[in-house]
Amino acid sequence: MLSNTAPVASNAQAPLVKGRGSGWRMGRINLEVRQQMSPWYQALTLACAVLVGFAISAALLIAAGVKPAALFDEFVVETFTDSENLHSILFQAAPLIFVGVSAALAFRVRFWNLGIEGQMIWGGIAATAVSFYGIGPPATRLFLMMLFAALAGMTWIVIPLWLRVRWRVNEIIVTLLLNYVALNFLLHLLYGPWLDPKDAFPHSPQFRAFERLPELGFGISSALVLALVFTVLSGWLVLFTRFGFYTKFVHDNDRMALAVGVPIGLVTLVSALFSGALSALAGFVIAAAQEGRLTQSFFEGYGFSGILIAFLARNNPIAAMVVAILVAVLFITGRSLQVFYQIPFAMVQLIQAIIVISVAASEFLMRHRVHWVR
Amino acid sequence: MAAALKVVGVRKSFDGFAALDGADFEVQAGEVHALLGENGAGKSSLMNVAAGLYTPESGRIFVNGEEIVLTGPRDATARRIGMVHQEFKLVRPFTVLENVLLADWHGRFAPGVREIESQIRRQAAELGFDIDPKSRIDELSIAERQRVEIIKVLLAGARILILDEPTAVLTDEEAVRLLTTARALAAGGAAVVLVTHKLGEVTAFTDRVTVMRNGRTVALLDSSATDAAELTRLAVGTTVTPPRRASSPPGEPRMTVKGLQAARADGHVTVAGITFHVRAGEIYGLAGVGGNGQTELVEALTGVRPPLAGSVQLDGTCDATAASAEHLRERGLACIPADRFGYGVAGGLSVIDNFCIGQISDGTYGSWMHPDRSKMRNATAGAVSNFDVQGVRNLRQRAALLSGGNVQKLIIAREFARNPKVIVAHSPSRGLDVRACAAVHERLLKARAAGAAVLLISDDLDEVLNLSDRIGVIARGRIAAEFEAPADRQAVGRTMVHHA
């Protein structure tokens, strides 16, 4: 997924067919490259892949000592009937949606943003700074926190962006390593100037009430609403506008895109900045809705989850939102499995990985037609 | 005597499309047998069946009179069938020796690397090839790589040798050399199949010819008893008349290039101060042996590669040096690149996307907020039928699945949709069959008649001579000489070779 190679068009031209020799005359497997794929077939294949992934995961959980009935109970019944549970899932979903859409936007133009966590940290720091220094009147405080967070994320992603455009430095390395820079700066703040004077723990002082994202009732947090608004905005931008049309070409063949006059620089710039801003907003919503302060590990695991969500959603922001909610279900259910069945949390990560591998494998069936001959 | 290789009634379809629909073919030991047909006639598919790569849905295969079932390419090698593909199957960072070892089907590793090295040397000497077994594939030219492929196949024991469009990538001189080698192999008792769409090769170098059209075999003839006209009629189904150039006075200079310099990615300066101009309503042909700076010139002129020095003016006054592709296209520049799949289309995207990218920036399909999908679909459907782009079964299918000729038509449809003032066409008919080639030439002449300035850059001297009003010969990144049409073929050819 992280390779930057263009698809080999000339190979795709001739349908590749390979007979697999077998000892008997019963038949052979024949593979053909599909000429086209209907969206329905793609969706069906994807759904089957996810189901296979679930089946393998279920088998693993049962092997680890969870009763099959309990599995169904935890994953399906509890999720959709228990309002407490549903609430935690929707609560958990907001930052996951942000990071998923962030990764999707960057990956669409082959800007491999592995710095989601670094941008989240900066988003958290900027929002906390607005609270810490009491910038602006209380009425606009939340808005300013959000704005500063987004700007901080954009600024942080400008570094790898500029290095890539100007010196062709690989952004995978730069974004990844900058995460450590951001993390150490965060720790410096939390153990130094921003150390909570009340309990002397390494986290920032508690945000005031008007600095926290409010609940809107029915278990819906305003963080979730924000996430949905940004998802719809991103979805519109990349799926319906001319800008989105350009991103397809930058993704598929950037040499050709350059030759036909696609403003590659601008398209990459806008996508990357937007991606940085969304990651930072994920940091902001965790600080302002979940924790109510800046902690030293609020970002952990979100970088990987964002990449995973974008991959499963094929870099489609709307699909990313749906996948992010499913990942949230997995997170929350995993947490209760941990409590009630002593299942390690690593199991949740294992399930994620199994589903990703199933979906990656299904790509083969989407691209090829497999049938028996003779 | 039984045929060395015979296939009867072969059917093969890809995703519902019948590429082969009851094709027959046979080749005798000791002959060079041409398999002729247009792009997409099914020649390569049929040979891929014979080489064990494709499994046919029905049909029978005989080798030396014995019916066989091929389970894969390895099985075909064991039956002494060897194929040299259009796209070479060589591992580039490996040496010649390593590639031959890799292809060795019964793993004769035991005789040792040295033994195989001496086999390669012997085989190369026999064929008159100058190949060092120790050199890496990516250091070799295209022609040399092809020779490595032939050695590889022969050392694996092939007596039935299939060459799939071997001359498409070669210069005239290299092609003659290859075809002479093919004759020598046949004289030594091998059965050689020459897949081609070039009529000249058929009449000059082969014994018999099988003609295919639309997945079927339409004729089997003695090469000496036929001529180009008959073969064209059989392969195409109708006769093709090459388009004629009407004489008309040229207008004002539309593109003026002065002292332009450009370098390859590795820093080597290949365009070394070139100066020429192209006027409205004329085709300026740039002839030259490939690799004399043509690629970098095209890139510098179309905004893909910034030039090092010199200037480019469009419309006499407007400075277009180092302008971006975006700006150049706004000023009416169109480009037909030589590397169709690299620069011409985004293979993974649909036919609609690849057509509409040409005009989406100027608001043809609606505002940036919401381009109109149905408008885009209709425009594409119109262009596909106007420009006779075949093989489009669904406008949403990926462009990479079109054949080279049809991709070229799609690119031309896109580029000409904007009524360009200046057209840069680089090897526009390379690898195309007779009919597609004529269609491309006709489009260029139409653009010329409509007052466009056309810069035609091609290694194919006949193409340049037939279409151009004026001809410049490019050698070592400069214009070596200019000729007015009608130019003397010999004189132009001499300039190309002597200055290169």
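Which residues in α4(A) meet which residues in α12(A)? The legends below start there, and the views come from a predicted model.

**View 1. Helices α4(A) and α12(A) meet through residues on both sides.** From α4(A), the residues in contact are Pro95(A), Leu96(A), Val99(A), Gly100(A), Ser102(A), Ala103(A), Ala104(A) and Phe107(A). Their partners in α12(A) are Tyr302(A), Ser305(A), Gly306(A), Ile307(A), Ile309(A) and Ala310(A). Sorted by class, this contact holds 10 nonpolar and 4 polar residues, with no charged ones.

**View 2. Here is the packing geometry of helix α4 (residues 83-108) and helix α12 (residues 302-312) of chain A.**

**View 3. Chain A touches chain B.** Take a look at the interface: 34 residues of chain A are in contact with 43 residues of chain B. On the chain A side, the elements giving two or more residues are α1 (9-13), β1 (28-33), α9 (242-252), α10 (254-259) and β2 (368-373). Of these, α9(A) gives the most, with 6 residues. By class, the chain A side has 16 nonpolar, 10 polar and 8 charged residues.

**View 4. Chain B is divided into domain 1 (5-236) and domain 2 (253-499).** The C-alpha centres of these two domains of chain B are 33 Å apart. Where they touch, 7 residues of domain 1 are in contact with 10 residues of domain 2. The domain 1 side of this contact has 2 nonpolar, 4 polar and 1 charged residues.

Notes: Residues are numbered from 1 along each chain as its sequence is written. Chains are lettered from A and ligands numbered from 1 in the order in which they are written. This is a predicted model: local features need pLDDT of at least 70, side-chain atom pairs count only at pLDDT 80 or more; totals for chains, interfaces and linings use all residues. Domain bounds come from an automatic or database domain assignment. Two residues are in contact if their C-beta atoms, placed from the backbone, lie within 7 Å. Ala, Val, Leu, Ile, Met, Phe, Trp, Tyr, Cys and Pro count as nonpolar, Asp, Glu, Lys and Arg as charged, and the others, Gly among them, as polar. Axes are lines fitted to C-alpha atoms, for helices over the stretch in contact, and angles run from 0 to 180 degrees between N-to-C directions. Helices (H or I, at least four residues) and strands (E, at least two) are DSSP runs, numbered from the N terminus.
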